[in-house]
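Here is a short report on one model.

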Amino acid sequence: MTTEQTSCRPGGAVAEVKDQGEEIISAAQEQITAKAHELGGEANFQIREQLDQRSTQAGEQLQAIGKTFQSGANQLRSEGKDVPARVVEEVARRADDVGGYLQSAEADRILGDIEGFARRRPWLTAGVGALAGFLASRFVKASGSRRYEGAHSNSGYSPSMRSLTSGGA
């Protein structure tokens, strides 16, 4: 009997609607979470697939560069320049080694090796990150300046014209 009274009262109806709303929101959150995990798994798979493909291509290119260096070393040796030939041969060998690694390694191994390097040398990793950020900012600034100058030169208004139109200030 008390249940009937609470459902007839306005406060009881509000509480019931509130409970139903919370259930709907909870179900929606669960669906969103499940979908996010599914999409995250797909994105993870795509990234690893791309890393496998790109690393194989980079490995092939590095091995080709290594062969080119090796032929250069042979040329130097035939000219009697043994010291430069040894240096170039070492570069060729390293390029071939890295190329072979990139061709044969799976994405998980490459990512694990990068993670291990970052853990062993955190300061070097931070420095490389800072350098990459600095270079990226310089690139963005330079490309922005070129776009700015290009936009004003196309409109017939150049930065040097600004001083003429603003009274020389």
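## Around S55

S55 touches L102, Q103, A105 and I110, leaving aside residues up to four places away in sequence. Contact here means heavy atoms within 4.5 Å. S55 sits in helix 2 (residues 10-78). Helices are DSSP runs of H or I with at least four residues, numbered from the N terminus. S55 counts as buried because its relative accessibility is 5%; the cut-off for buried is under 20% relative accessible area, with a 1.4 Å probe and protein chains only.

## Basis of the model

The model is predicted: local features need pLDDT of at least 70, side-chain atom pairs count only at pLDDT 80 or more, and totals for chains, interfaces and linings use all residues. Residues are numbered from 1 along each chain as its sequence is written, and side-chain values use heavy atoms, with hydrogens and water left out.

## Helix 3 against helix 4

The axes of helix 3 (residues 82-104) and helix 4 (residues 107-120) come within 8 Å and cross at roughly 125 degrees. Axes are lines fitted to C-alpha atoms over the stretch in contact, and angles run from 0 to 180 degrees between N-to-C directions. Helix 3 is therefore oblique to helix 4. Oblique covers what is left after under 35 degrees (roughly parallel), over 145 (roughly antiparallel) and 65 to 115 (roughly perpendicular).

Helix 3 contributes Y101, L102 and S104 to the contact, and helix 4 contributes R109, I110 and D113. These residues divide into three nonpolar, one polar and two charged.

## Confidence

Mean pLDDT, the predictor's confidence from 0 to 100, is 78 for the protein, and 80% of its residues reach 70 or more. Among the elements, helix 3 has the highest mean (87) and helix 1 (residues 2-8) the lowest (48). Over residues 1-7 the pLDDT is below 50. Where pLDDT is low, the predicted coordinates should not be read in detail.

Terms used. Helix = DSSP H or I, 4+ residues; strand = E, 2+ residues; numbered from the N terminus. Nonpolar A, V, L, I, M, F, W, Y, C, P; charged D, E, K, R; others polar. Buried < 20%, exposed > 50% of the residue type's maximum accessible area, 1.4 Å probe, protein only.
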